[in-house]
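Hi everyone, thanks for coming. I'd like to walk you through one structure today, so please have a look at it with me.

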Amino acid sequence: MTRKLEGKVALITGSGRGIGRSIALKLASEGARIVVNDLDTAPAQEAVQAIREAGGQAVACVGNVAAPDFAERFVGTAVSEFKGLDIIVNNAGYTWDNVVQKMTDEQWYAMIDVHLTAPFRILRAAQPVIRALGKAETEAGQRVMRKVVNISSMAGLFGNAGQTNYAAGKAGIVGMTQTLAKEWGRMNVTVNCVAYGLIKTRLTGNAAEGGTANIDGRDIKVGVNPDLMAAMERGIPLGRGGTPEEAAGAVYLLCVPESDYISGQTLVCSGGLTGF
Ligand SMILES: NC(=O)c1ccc[n+]([C@@H]2O[C@H](COP(=O)([O-])OP(=O)(O)OC[C@H]3O[C@@H](n4cnc5c(N)ncnc54)[C@H](O)[C@@H]3O)[C@@H](O)[C@H]2O)c1
């Protein structure tokens with residue numbers, strides 16, 4: 001049976017853990033060749049290994065998506081390793097919460113950098129490559145569709161107390177998505193967003209366990225208070241947070257040929273939750 005993404009080249013940021021890792025495994029299982037990225041080397045290499053063990057192809061491009069030189073390196077890896085670029089998923093991210101009166105400039109810019117500036121730079125770096133590939137295909141009488149999926153959050157659509165920085169970044173990516181859908185349609189690229197509600201990953205693990213993520217030399221608390229988590233889950237029509245695999249399914253839908261005429265949209269993947 002022909003796989004849906006046979007031979008496609010997919011770049012996925014933050015794909016060493018959580019939702020990004022599940023997206024990488026899902027797209028690879030349908031035949032895509034994956035450029036895995038993560039800030040942390042070990043999870044990135046583990047994801048590459050998991051894809052290869054399942055019979056797929058993947059390489060790692062380790063690094064912080066917020067680094068000024070990252071985008072060129074990431075796009076360059078796809079071109080040098082796999083000679084193509086078909087799917088970009090801007091997924092890498094984390095939260096660094098505080099009420100607005102206590103939020104530092106450092107917290108503000110960290111969220112804008114990772115959730116907004118990094119996707120902007122990656123898409124800017126990808127444009128000449130996509131344009132050249134598309135031009136050659138058009139001259140050969142072919143139309144090859146390409147896909148961008150940006151990861152947003154319900155916090156970006158509805159706001160969430162304590163997340164001025166994160167919500168602003170996640171709202172900004174919706175505007176970037178709508179704009180690039182208009183700029184890139186002529187290159188046969190669809191640009192869409194997936195906005196998650198509550199997905200069970202390190203980001204939303206048990207905060208009482210005191211987990212931290214070391215991001216750029218800073219130890220940032222991860223997780224959600226268990227009482228708050230239980231209350232949030234009660235408010236979800238499906239009655240539970242989603243799994244990373246379920247989250248990956250939403251991105252997959254926007255990468256397969258059946259979604260070739262859907263662009264500029266935000267798909268909410270939240271178990272039916274329509275607001276906080
Ligand atoms: N889990 C949820 O409920 C939820 C809800 C809404 C949106 N999201 C979004 O989904 C995306 C994935 O989150 P997750 O829940 O899988 O989190 P996660 O912590 O499980 O995985 C995120 C991965 O991204 C990597 N990463 C973080 N910052 C990075 C950077 N600067 N450069 C490169 N890699 C980086 C981390 O090392 C980690 O491996 C994020 O953009 C997040 O904001 C998650």
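Let me start with a question: is Glu106 buried, partly exposed or exposed? Glu106 is partly exposed, with a relative accessible area of 43%. In these terms, buried means under 20% relative accessible area, exposed means over 50%, and partly exposed is in between, with a 1.4 Å probe and protein chains only.

Before we go on, a word on where the values come from. This is a predicted model, in which local features need pLDDT of at least 70 and side-chain atom pairs count only at pLDDT 80 or more, while totals for chains, interfaces and linings use all residues. Residues are numbered from 1 along each chain as its sequence is written, and side-chain values use heavy atoms, with hydrogens and water left out.

Back to Glu106. Glu106 forms a salt bridge with Arg218, and the closest N and O atoms are 2.7 Å apart. A salt bridge here is a side-chain nitrogen of Lys or Arg within 4 Å of a carboxyl oxygen of Asp or Glu. Side chains of opposite charge can pair when their charged atoms come close. This pair links distant parts of the chain, with Glu106 in helix 4 and Arg218 in strand 8 (residues 218-221), 112 residues apart. Helices (H or I, at least four residues) and strands (E, at least two) are DSSP runs, numbered from the N terminus. Arg218 is partly exposed too, at 23% relative accessible area.

How many salt bridges does the structure hold? There are 12. Let me show you some others.

Lys147 and Asp260 meet through their side chains in a salt bridge, 2.8 Å from N to O. That pair also links distant parts of the chain: Lys147 is in strand 5, Asp260 is in the loop between helix 8 (244-253) and strand 9, and they are 113 residues apart. Lys147 counts as buried, at 3% relative accessibility, while Asp260 is partly exposed, with a relative accessible area of 26%.

Next come Lys200 and Glu233, whose side chains meet in a salt bridge of 3.2 Å, N to O. Lys200 lies in the loop between strand 6 (189-196) and strand 7 (212-215) and Glu233 lies in helix 7 (residues 226-234), so the pair ties together parts that are 33 residues apart in sequence. Lys200 is partly exposed at 42%, and Glu233 counts as buried at 14% relative accessibility. There is also a network of salt bridges that links Arg17, Asp38 and Asp40.

Asp38 brings us to the ligand. Which residues are closest to the ligand? They are Asp38, Asn64, Asn91, Tyr166 and Thr201, out of 30 residues that surround the ligand. A residue is near a molecule if one of its heavy atoms lies within 4 Å of it. By class, this shell has 12 nonpolar, 13 polar and five charged residues. For the classes, Ala, Val, Leu, Ile, Met, Phe, Trp, Tyr, Cys and Pro count as nonpolar, Asp, Glu, Lys and Arg as charged, and the others, Gly among them, as polar.

Now for the polar contacts, meaning pairs of N or O atoms within 3.5 Å; within protein, one must be able to donate a hydrogen and the other to accept it, and residues adjacent in sequence count only if both atoms are side-chain atoms. A polar backbone atom of Ile19 is 2.8 Å from an oxygen atom of the ligand. A nitrogen atom of the ligand lies 3.0 Å from a backbone N or O atom of Val65. An N or O atom in the side chain of Tyr166 is 2.6 Å from an oxygen atom of the ligand. On its own, the ligand has 820 Å² of accessible area, and the protein covers 98% of that. These areas come from the Shrake-Rupley method with a 1.4 Å probe, and for residues only the protein chains shown count as cover. Strand 5 gives the most to the shell, with three residues.

One last stop: the backbone. Most residues other than glycine have a negative phi. Lys83, though, has a positive phi near 60°. Lys83 is found in the loop between helix 3 (70-82) and strand 4 (87-90) and counts as exposed, at 64% relative accessibility. Asp216 also has a positive phi, of about 55°, and is found in the loop between strand 7 and strand 8. Asp216 is exposed as well, at 54%.
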